Amino acid sequence: MRKLNVKLVSLLAIMLLVSIFAAGCGGGGEEATDEGNEEFKVGFVYVGSPGDGGFTYAHDQGRKYLEEQVPGVKCEVIENVADADAAQALTQLAESGCKIIFSTSFGFMDPTIEVAEKYPDIVFMHCSGYRTAENVGTYFGRMYQARYLSGIVAGEMTESNLIGYVAAYPIPEVIRGIDAFTLGVRSVNPDATVKVVWTHTWFDPAAEKEAANALLDEGADIIAQHQDTSGPQKAAEEAGKYSIGYNSDMSPLAPKAVLTSSVWNWGEYYVNAVKSVQEGTWESGRYWGSMAEGIVGLAPYSDVVPDEVKAKVEEAKEKILSGEWDVFTGPIKDQDGNVKVAEGAKLTDEEIENINWFVEGVQGTITE
Amino acid sequence: MSTGFIIAVLATAVTAGTPIFYAALGELISERSGVLNLGVEGMMLVGAVTGFMAGSITQNHWIGLLAAMAAGGAMGFIHAFLCVSLRANQVVSGLALTIFGTGLSGYLGKSLVGTPLPDPFRVVDIPVLSNIPVIGPILFQHDILVLFSYILAPLCWFIVFRTRAGLNLRAVGDNPGAADSLGVNVFLIRYVSVIVGGILAGIGGAYISMAYVPTWMENMVAGRGWIAVALVIFATWNPLNALWGSYVFGGIDALGYRLQAIDVSMSPYFLKMLPYLFTVLVLILVTQRNMVYRIGAPKALSVPYDREER
C-alpha cells in the first residue's frame, strides 16, 4: 500500500511538472509572437533537402517567394524527413507556434491527418495526397498541362521520331505525365513514339543517366524525364541530343540539350494559402491548381527552338489557359488502339488522378 | 539482341561499376586489417563534394581528385582513431561517419547545386587499345579513372597476397595478437589500411561527381557505399574478384534499363536482388569453419585489438 502511494504520488508529481512545462512553453510561444510584431509563423516539412535541385528545391523556391511577398511571415523548415518521422516533425512545428504547416510529400499523408487532429486550430496543407479533414487540405498542380506543352516542343524537334522518357515509378502521377506528354507530341507529330524506361528510383543521378543512355542508344533523340535529378539531361547533353527538363529550369546544367522544362511554381500558391489563413477565409478542400493559376508552367526555351514551334505551344497554351479545352479531351486511344475517351468527352478529375493506362504512342509497359 | 547491345551493356557495367570498385577496394583493405568500415557511404559523399568543389574552384580535375582523396583520408583517420586507438565499436563508429558524411557533404555542397563542373574527367583516347573491336569499346573507351582501376586491382592483389607487407596486413586481420608478438606494428598497419580505405572511398565518390554524372547533388552516391560493403563479401576479400564483381553489381541496373529499352520486360526487383543473393551465399559459406580458410575472410574482423587483453 505504501509502495503504491509512493508510485501514485510520483506519477502525479511528474504529470504536474509536465503540465507546468507545457503551459510554460505555450505561454512562451505566444509571448514570442506578440513581441515579434505580428510575426506569422509558417511551417514546412520537406522529404529531401533544397540541395536536391529537384522537387524539394522547387518547394523551397516557393517558400522563399512567400517570405519575400508576405511581410511578417517567418518560415520554419524541417528538411530530410523520412515518412516515419513525419508525425514528429509536424508536431514540432505545431508546438513552435506555426499557424499553417505545409507537408510536402505524398508519404506524409497519414501522419498529417493524425497530427492535425491534435491541433484543430492549425491549418495543415498536404501536398499531392487525397485525405482531408476539418483543418487539413491538399494541394497539387496540373503538371500534365505543362507536360503536354513540352510534348509539343519535343514532337516538333525530334528527327528520329523516337523520344525517350526516363520515369521513376509506375504510379498515376507519373503515368499521367507520360500520357499528357505523348498527347502533346502526337498532336504535332503523329508518327512519333515515346519510349518509357522505369528506373524505380526518384533520386539517383547516375542510374537515371544510365536509363537515358539506354534510350539514346536505341535511337531516341530527345530525352524527357519524371525524376528528381538532372541525370537524364546530362546524358542527352553528352550524346549531343536534346532534352526536356522537369521540376525546375534545368538548362544551367545541360545548356546545349535542354529545350525547355516543365516546372513547378509553388510560390504563388503559398502566398495565396497563407493569406487566406491570415484573413480567416481558408477552407478545407482539395486544391489542384492549373496552369492558369500559375502553379505549373514552362521554363524559358533554349535558342534552338524555332519561333513556329513556340507559336504552336502558345496556341495550345491559350486553349488550356482559357479553359475551353484540356489535355484529356477525346478522342484518346490507349496503347492497343481502343478508344478510351470518345470524341468530345473528357476525363473527369478523378479519372485523371487515378489514370493507369498509356495512351496511343507510348512504348512501354506499366509493371507492378 | 545484337552485339551492339551487348557491348553497350558491358561498357556501361564498367562505368557504373568503377565507383563501387574504388570504394570496395578501400573497404577490402580496411577489412583485411581487421577493421570493418561502415562509413564508406559517408566517405564517398564527402569525397564527391570536396572533389567537385575543389575541381570547380581550380577548374582542374586533378586538384579536385586530390582534394577528394585528402577528404576521404581524413574521414578514414577519424575512423581509425576511434576504432584503433580508442577501441570504439566499429559498427557504431562507421554508422556515425556515414551519417556525419551525409550531413557534412550536404552542408558543404549547398552552393554547388545546379552548377556545372568546368573540367570533368573525360573519355581518353588510347591509340591502339580503344580501336580493338568489341574489347575496345567495352574496356578502353573510358576516362582515366576507369583505366587506372585496371592497374590498381592486380597491383593490390599482388600486394595483399604476394608481399611481406600484404602478409603482415593479413596477419593483423587474422590474429593481431600473434602478429604483435612477432613484432608487427598492429596499430600502424590498421591506421594505414583504414586511411587508405578512406582515400579510395574518396576517389569512388569523386568518380560519381566528377566523371560519371558529373554534377553535385546532395546524397548523390545513393547507396553505392553500402553496395561496396556487400561487394567485399561477394569478392571474398580478393581485389581481383572485387573488380569484376563491381561490374556485376554496377551492370545490373544498366542491364535492366537496356532490356526495357528493347521491350524485354523483366522485373527490376528480381535483377537487383541477384547480386545480394550471392552475397548471402558467401556469408553462409564464411560461417562454415573449414570454408573460412579457403575463402580467406579476416578472422579478427571488427574485433578491436587491445594489447593488455592478449
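1. Helix 4 of chain A, residues 109–118, lies across strand 3, strand 4 and strand 5 of chain A. Its direction is at about 175 degrees to strand 4 of chain A. The model is a predicted one.

2. Helix 3 of chain A (residues 86–95) lies across strand 1 (40–45), strand 2, strand 3 (100–103) and strand 4 (123–127). The angle between helix 3 and strand 1 of chain A is about 175 degrees.

3. The strands named above belong to an open sheet of 6 strands in chain A, with the order 2-1-3-4-5-11 and parallel pairing. Strand 2 (73–78) and strand 11 (286–289) are the edge strands, each pairing on one side only. On average, neighbouring strands of this sheet are turned by 20 degrees against each other, direction ignored.

4. At one end of the strand order, strand 5 (residues 136–141) of chain A runs parallel to strand 11 and is joined to it by 4 bridges. Gly141(A) is opposite Gly289(A) of strand 11.

5. How many residues does each chain give to the contact? Chain A gives 34 and chain B gives 30. The area buried between the two chains is about 2600 Å², with 55% of it from carbon and sulfur atoms.

6. Between chain A and chain B there are 4 salt bridges. Glu79(A) forms a salt bridge with Lys110(B), with the closest N and O atoms 3.9 Å apart. Across the same interface, 11 residue pairs are in polar contact.

7. On the side of chain A that touches chain B, helix 7 of chain A supplies the largest share, 9 residues. By class, this side has 12 nonpolar, 11 polar and 11 charged residues.

Key. Residues are numbered from 1 along each chain as its sequence is written. Chains are lettered from A and ligands numbered from 1 in the order in which they are written. This is a predicted model: local features need pLDDT of at least 70, side-chain atom pairs count only at pLDDT 80 or more; totals for chains, interfaces and linings use all residues. Side-chain values use heavy atoms; hydrogens and water are left out. Two strands pair if DSSP finds at least two bridges between them. Helices (H or I, at least four residues) and strands (E, at least two) are DSSP runs, numbered from the N terminus. Axes are lines fitted to C-alpha atoms, for helices over the stretch in contact, and angles run from 0 to 180 degrees between N-to-C directions. Contact means heavy atoms within 4.5 Å. Buried area is the accessible area (1.4 Å probe) that two parts lose on being put together, summed over both. A salt bridge is a side-chain nitrogen of Lys or Arg within 4 Å of a carboxyl oxygen of Asp or Glu. A polar contact is a pair of N or O atoms within 3.5 Å; within protein, one must be able to donate a hydrogen and the other to accept it, and residues adjacent in sequence count only if both atoms are side-chain atoms. Ala, Val, Leu, Ile, Met, Phe, Trp, Tyr, Cys and Pro count as nonpolar, Asp, Glu, Lys and Arg as charged, and the others, Gly among them, as polar.
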